[in-house]
Structure formats: structure tokens, C-alpha cells
Amino acid sequence: MRAAVATKFSQDASASAVEVVDLDEPTPATGQVLVTVKAASLNHHDLWSLRGVGVREDRLPMILGSDVAGVTDDGREVIVHALVADPARGGGDELLDPRRGMLADALRGGLAERVAVPERNLVDKPASLSFEEAACLPTAWLTAYRMLFVRGAGRPGRTVLVQGASGGVATAAIALARASGLRVWVTGRTPEKLEKARALGADAGFATGARLPERVDLVVDTVGEATWEHSLRSVRPGGTVVVAGATAGASVTTDLFKVFLQHITIHGSSMGRREELVDLLALCDARGVRPHIDSVFPLEQAPAAFTRLTSGSTFGKIVVVP
């Protein structure tokens, strides 16, 4: 079968480290199911893998990609929950399993014609979603859903600030918050990205770091170092900041007086549970919410897809189709 693999580690996550090669088809282990991949999407996690973060060199060549939608051998159309974990090892919560890992890290990735995954990780794909749309949901969209509604307790009528208007999690948060009755404000580096965010449903857009008209109930931050202080300045007393990424760096300083005197809640969040993916799919199906797709590449052009991902000019998700 054909698959896109990392052949080496590259500190700048260069697409030159990605090749499309022929590999043996995977043999499912006990409890696993073969899925014919119809679409897979890229994430920043793939860039960390290309840099060698959390991956041993003896894993090379490594099939990339953890977000998959496809069909099982018995014809079931599925989405793969991208987190491979055992809830029992996490006290009943797969997010707390100390040996949890993304699909590409824990097993073999989904940028291939076929992939073997734990049967527990399969979720039925709603007929209303295309395979390309479905492949966008397991990481970025599930992360946004959990940030907004589980960790952030977002409710209709509240105001959420989404830092960084163009990333996969950010665009998901805009669409999901809008569909659920929240007022959505976003920040972005360019007028073009802010205008696209408004088209997705944002009520207002502001330059990165700009003073807001009023403080917000909830901040969704996946940027990190470049926006952290602004996030703390922008949340109201008693409000919540949820952080689930550090694409612009993880080294931050925090004014703890501001945090405890203003009763600000800070939550860390990463991915989401399988049942939360089921809830996300139900929301998308019922409300007609669809992920914004930046571009679609055939599997043979996977290196070009990674070049696009590292360009900084994407808006939404990049999808690869075998």
C-alpha cells in the first residue's frame, strides 16, 4: 500500500523529510480493525513528530497522520478517535492514561491507504458529513469542543475570545461557539484572516494584542507565548482561560496576583474523550456545522500538503485523500 512517512527528523519540520512509499498492508492485532482510509487531515502534532518530539528514531520511517475517516471491511463508515488509550489505566478516563498516544505515535498513522486501529476507537460517521469533513474532526475539532463546552463551560449568551483566527482549533471553536449561541470574538494577525473568521461566524475581530471593548467570559488559547498575557488581560473577573496549545512558544510568565485576586480559572485541555467525539458529531449533524477545509491534496502529494501546513498561510484544515 502507499503511505506518507517521515524518513528523518527535521528541526524546521521540512516537507523534505516526508516521502510517499510502498509498505506492507497492516495486519490487525487482537481487538483491532482494518480501515480503508477515505480521507485524513493534518495537525500541528504531525509537525512535532517531524521534529522528533516524543518520537524515537527507531520508529523511522514513521507513517504520519492521526485523523482518519474511512470504511471498515464490513462496509461501516467510520471516524477514528485519534487518541489511542486504555480508560482503565487512567482510572476510567482515557485522557489520564499515562501511556496514551496519538494514533501515529502509538501505532501506525493514517496517511496511508489502510490503517489498523483499536475497535474501541471507531465512531460511526454521520451520513451528512463527507469523508473529507469527517477527517477534520477527531483532533482539532474535538479539542475545540472540549475547550468550549467541557473545560470552559461555554453557554449561550456568553462571550468567548478565540486567540488566533486561522488555525484548525481556532476555526473549529468559532464555528462551534456560533452554532451554540455564544458571542464570538477573535484575534488575528491580518485583516484577511479576521475577515475569513467573520465569514465563519465571528461577531467581531481584533488585531493580536488589541484592547477589547469589554472583558470576556471565556478565552480559548492555542497560541501560547504570543497571546498569553493578552488572554489574562481580556478575561473578566471570575472568568475562565482554557489553553490547549503553544504554537508560538510555551515559555510564559504569569502575574499570579491577577489570577487569584480576580478569581480567574485556568484550565489545561488536550484532545477529548471518545464520548465527547460522539457528542461533537451529533452537534455537527443537527446544526449543519461543517469544518472549513483549507485545501485537499492527493496522498501522492503529501509533501506539498506539509509545505502548505508550515507556510503559516492556512485557514482551516488540510486534508489528504488516498
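Helices here are DSSP runs of H or I with at least four residues and strands are DSSP runs of E with at least two, both numbered from the N terminus. On that basis, the protein we are looking at has 10 helices and 18 strands. This is a predicted model, in which local features need pLDDT of at least 70 and side-chain atom pairs count only at pLDDT 80 or more, while totals for chains, interfaces and linings use all residues. Residues are numbered from 1 along each chain as its sequence is written, and side-chain values use heavy atoms, with hydrogens and water left out.

Let me begin with the overall dimensions. The C-alpha atoms fill a box of roughly 55 × 40 × 40 Å along the principal axes. The radius of gyration, taken over C-alpha atoms, can be set against the globule rule of 2.2 Å times the number of residues to the power 0.38; because a compact globule of 322 residues would come out near 20 Å, the 19 Å of this protein agrees with that rule. If we call a residue buried under 20% relative accessible area, exposed over 50%, and partly exposed in between, with a 1.4 Å probe and protein chains only, then 54% of the 322 residues count as buried. Taking contact to mean heavy atoms within 4.5 Å, residues 24 or more positions apart account for 69% of the contacts with a separation of 6 or more.

Now to one strand in particular, β11, which spans residues 159-163 and is mostly covered, five of its five residues being buried. In a regular strand the side chains alternate between the two faces of the sheet. Here T159, L161 and Q163 point one way, V160 and V162 point the other way, and all are buried.

What does β11 pair with, if two strands pair when DSSP finds at least two bridges between them? Four bridges join β11 to the parallel strand β12, residues 183-188, and V162 has V186 as its bridge partner there.

Elsewhere, three strands form an open antiparallel sheet in the order β2-β1-β4, with β2 (18-22) and β4 (62-63) as the edge strands, each pairing on one side only. Two bridges join β1, residues 2-6, to β4, and A6 has M62 as its bridge partner in β4.

Conventions:
Pairing = 2+ DSSP bridges.
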